[in-house]
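Hi,

Here is the structure I said I would pass on.

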Amino acid sequence: MTTDVSLGRWKVTADEITWESQKKPPIAHPGTRTVRVIHCGICGSDLAKLSARPYRAHSSGAWTPGHEMVIEDLNGQPAAVNPLIPCQRCTHCSHGDIHLCPGLKRIGWDYPGGFATHINIPDSNIVPLPYELTDIAVLADTLATAIHSLHCARSRANTKSIAIIGTGPLAVATVAVAHLQGWSTVAVVGRHRERLDTINPLVGAELALTGMLPTGAFDLVVDAASGTSTQPLEEALRIIRPGGEIVVLNAYQPGLQLNTPLRSVFSRSITLTGSYSHCRNHGSDFLHALRLLQKHPQWANKLMTHRLAMSELPRALSGHASKPSIKTVLTNEGNQ
């Protein structure tokens, strides 16, 4: 199905995904400005919600996905969008830990997102871009989350050896960031190994199949898998050494239960560290991600394997079921 995207947005309810034509985008947050969406990436969190049946509609009703955006500001200049809107008043916000803000809102979930032609964005969430980043800055949120996960590691091993589990966009981005930061990186892959093969010549991580690594081989393991089963975390617990640390980057689906007895985890003094989104307590992860993209555009382009018109969202979703991609980007290029 395709649709006219002259002005409008994709709207998701529990029953369906439909294109909603509109004269102007909805204003869901005060102090916003209307901007044109140039590109919007499809995040794994979007796919998780849009692959569910019924669809995971927001508690308030219909929602418009999309938080990985490049937009055109009022001056016609490209800009990235930081999708996090913290309260800026709580203790966590004062320390830069905006991901822990109890009042945190997210563009693309709590507020209408970028699967649209136009959107209202708070000025504080707009980050001007040089033109050379226009086509790749949709990766900024993914890279910022990867950067944050490595900052979350409380015990940075002297060996700088790290295993990263997963083959989705977030896992691949974490592999790339770890390599750029000088870690000796092993990418632990199960299905979709071709995703790592796509980018690995530019990143240089060692590849290992799930279940083939020695028990207790790593000081640090990052679980960046999809969260649809506990197998990745079980593998992380197997390959971590006694006294090592596991950073859990993915958001496990509700209801999943770990099969490993807790005694075997904590009797080995293993540290489990959760990592959610990104923050500002060690500088802005989001700005750091944009600097990395500017410095390393070659592997950023490799990550974006599919580019489709905004009207082709249904095709993008069905394509993920039959032909795996790393990152799919929806674009409004040609729709002024």
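Below is what I found in it, going from the overall picture to single residues.

Keep in mind throughout that this is a predicted model. The protein has 336 residues, and 54% of them are buried. The fold is made up of 10 helices and 17 strands. Among contacts with a separation of 6 or more, 72% are between residues 24 or more positions apart. The accessible surface comes to about 14,700 Å², with 51% of that supplied by carbon and sulfur atoms.

Let me start with strand β8, residues 118–122. Five of its five residues are buried, so the strand is largely enclosed by the rest of the structure. In a regular strand, side chains alternate between the two faces of the sheet. In β8, His118, Asn120 and Pro122 point one way, while Ile119 and Ile121 point the other way. Strand β3 (residues 32–41) runs antiparallel to β8 and is joined to it by five bridges. If you want a place to look at that pairing, threonine 34 stands opposite asparagine 120.

Next, two buried residues with contacts from elsewhere in the chain. Isoleucine 147 sits in helix α3, residues 140–152, and is buried, with a relative accessible area of 0%. Setting aside neighbours within four places in sequence, isoleucine 147 touches Val177, Asp285, His288, Ala289 and Leu292. Take alanine 289 from that list: 142 residues separate it from isoleucine 147 along the chain, yet their C-alpha atoms are 7.5 Å apart. The other residue is serine 277, which lies in the loop between β15 and α8 (285–295). With neighbours within four places left out, the contacts of serine 277 are Leu84, His99, Ala144, Thr145 and His148.

On to the aromatics: how many aromatic pairs does the structure hold? There are two. One is tryptophan 10 with tryptophan 19, edge-to-face, at 5.4 Å centre to centre and 75° between the planes. Tryptophan 10 is buried at 0% relative accessibility, and tryptophan 19 is buried too, at 14%. The other pair is tryptophan 63 with tryptophan 109, whose ring centres are 4.8 Å apart; their planes are at 75°, so this pair is edge-to-face. It links distant parts of the chain, 46 residues apart: tryptophan 63 is in the loop between α1 (44–50) and β4 (68–72), and tryptophan 109 is in the loop between β7 (105–106) and β8. Both tryptophan 63 and tryptophan 109 are buried.

A search for salt bridges turned up nine. Here are some of them:

- Arginine 241 and aspartate 219 have their closest N and O atoms 2.0 Å apart. This pair links distant parts of the chain, with arginine 241 in strand β14 (residues 240–248) and aspartate 219 in strand β13 (residues 218–223). Arginine 241 is partly exposed at 29% relative accessibility, whereas aspartate 219 is buried at 16%.
- Arginine 315 pairs with glutamate 312 at 2.7 Å, N to O. Arginine 315 is partly exposed, with a relative accessible area of 48%, and glutamate 312 is buried at 18%.
- Arginine 106 bridges to aspartate 110, with 3.5 Å between the closest N and O atoms. Arginine 106 is partly exposed at 29% relative accessibility, and so is aspartate 110, at 23%.

On the outside, Leu262, Phe266 and Leu272 form a nonpolar surface patch with about 310 Å² of accessible area together. Leucine 262 belongs to helix α7, residues 262–266, and is exposed, with 57% relative accessibility.

Finally, two backbone details to check by eye. Serine 269, in the loop between α7 and β15 (271–274), has a positive phi of about 55° although it is not a glycine. Glutamine 88, another non-glycine residue, has a positive phi near 65°. Its place is the loop between β6 (84–85) and α2 (91–94).

Cheers

Definitions and conventions:
Residues numbered from 1 in each chain as written. Predicted model: local features only at pLDDT ≥ 70, side-chain atom pairs only at ≥ 80, totals over all residues. Heavy atoms only, no water. Patch = residues over 30% accessible without salt bridge, like charges linked within 9 Å, V, L, I, M, F, W, Y side chains within 5 Å. Areas by Shrake-Rupley, 256 points an atom, 1.4 Å probe, with all protein chains shown as cover. Salt bridge = Lys/Arg side-chain N within 4 Å of Asp/Glu carboxyl O. Helix = DSSP H or I, 4+ residues; strand = E, 2+ residues; numbered from the N terminus. Buried < 20%, exposed > 50% of the residue type's maximum accessible area, 1.4 Å probe, protein only. Contact = heavy atoms within 4.5 Å. Pairing = 2+ DSSP bridges. Phe/Tyr/Trp six-rings, centres within 6.5 Å; stacked < 30°, edge-to-face > 60°.
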